[in-house]
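Q: I would like to learn how to read aromatic rings and strands in a model. Could we go through it together?

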Amino acid sequence: MLPNLPALPGRLGAVKKSSIALLASAAVGAAGVATLAWANAQTRRFRLKQVTVPLLEPGSLRGREEFRLLHVSDLHMIPGQEDKVAWVSALDSLNPDLVVNTGDNLSDFGGVPDVLRALDPLLNRPGLFVFGTNDYWAPRPANPFNYLLGKKRAPSYQDLPWQGMRAAFIERGWQDANQNRLEFKVGDVRLAVAGVDDPHHDLDNYSEVAGAPNPDADLALALLHAPEPRVLEKFAADGYQLSLSGHTHGGQLCLPGEKAIVTNCGIDRARANGLSDFGAMKMHVSNGLGASKFVPFRVFCRPSATLIRITERER
């Protein structure tokens with residue numbers, strides 16, 4: 001029979017329990033730090049997505065296989081992001097026929113020079129752009145729980161130097177599609193384009209661009225930073241073939257498989273990233289190449305640009 005063992009003194013027992021609690025807290029803290037470090041590292045794991053969309057009438061490509069459209073969005077550039085500058089610059093090797101930039105290029109007052117360095121070779125190609133709120137106004141600290149609850153954040157209204165960036169885009173040959181209708185040719189492909197300013201904060205006025213695209217165009221594109229359904233419905237009703245937008249970051253903090261928890265706009269979670277249908281119109285939403293300087297994390301949602309291969313429909 002085992003002898004009766006004396007109970008631990010009260011103070012010693014309390015010390016042991018306190019030590020266990022401290023160790024558990026330290027383990028949880030270390031796991032949290034490791035998770036944040038991993039999520040931050042994901043913001044630099046850029047990737048190229050590619051999709052093929054048969055939109056053109058047979059014969060539109062005059063013997064070519066495809067029209068290559070490079071969609072970039074949401075750079076959210078901060079000075080010193082050399083890995084992003086180099087990766088975006090290298091996209092020029094894809095030889096796109098057209099580059100479309102759907103806004104939120106900045107995340108810092110000093111970001112413009114690096115935006116222009118990143119896009120420099122692409123600015124030698126035909127291009128279009130619309131702006132997002134974070135082209136005009138600086139980001140602001142935000143409660144991440146409000147983001148996950150889908151609460152809309154008011155802009156900071158601290159002006160960013162977007163005028164110089166816009167002037168540089170235009171000087172190099174890109175066309176401003178903010179509240180604008182454009183018609184031009186890239187090679188043999190005739191384009192009709194309409195774009196609005198950022199609808200997420202009601203900067204758009206669809207009445208200024210309303211109406212069907214030129215029926216003689218081979219490809220009709222609709223541009224908007226945030227894929228807000230109230231604007232997409234009007235583009236689709238007017239007969240545009242493909243809309244291009246960004247803003248959602250694909251959800252940014254996602255479940256495995258890039259499943260968005262929130263979209264930060266009116267579009268549903270299933271269409272927060274990639275190519276999908278919006279009525280008779282195809283819609284492409286970029287999950288973007290950056291993140292706000294105040295939320296420098298991505299979870300199961302690596303930053304990306306997309307090469308959209310537009311082909312002819314079958315006869």
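This is a predicted model: local features need pLDDT of at least 70, side-chain atom pairs count only at pLDDT 80 or more; totals for chains, interfaces and linings use all residues.

Q: Which residues form one aromatic cluster?

A: Phe129, Phe131, Tyr136, Trp137, Tyr157, Trp162, Phe169 and Trp174 do.

Q: How is a pair of aromatic rings described?

A: By the distance of the centres and the angle of the planes. Take phenylalanine 129 and phenylalanine 131: they are 5.2 Å apart centre to centre, with 40° between the planes, and the pair is tilted. Both of these phenylalanines are buried.

Q: Why is the pair of phenylalanine 235 and tyrosine 240 edge-to-face?

A: Planes over 60 degrees apart count as edge-to-face. The planes of phenylalanine 235 and tyrosine 240 stand at 85°, with ring centres 5.5 Å apart, so this pair is edge-to-face.

Q: Are phenylalanine 235 and tyrosine 240 buried or exposed?

A: Buried means under 20% relative accessible area. Phenylalanine 235 has 0% and counts as buried; tyrosine 240, with 3%, is buried too.

Q: Now the strands: in what order do the 6 strands of the open sheet come?

A: The order is β6-β7-β8-β9-β11-β10, with mixed pairing. β6 (180-186) and β10 (274-278) each have a single partner strand, so one side of each is left without a neighbour in the sheet.

Q: How many bridges join β9 to β11?

A: There are 4, and the two strands run parallel. Among the residues involved, serine 243 has methionine 283 in β11 as its bridge partner.

Key
Residues are numbered from 1 along each chain as its sequence is written. Side-chain values use heavy atoms; hydrogens and water are left out. Two strands pair if DSSP finds at least two bridges between them. Rings of Phe, Tyr and Trp (its six-membered ring) pair if their centres lie within 6.5 Å; planes under 30 degrees apart count as stacked, over 60 as edge-to-face and the rest as tilted. Buried means under 20% relative accessible area, exposed over 50%, partly exposed in between (1.4 Å probe, protein chains only).
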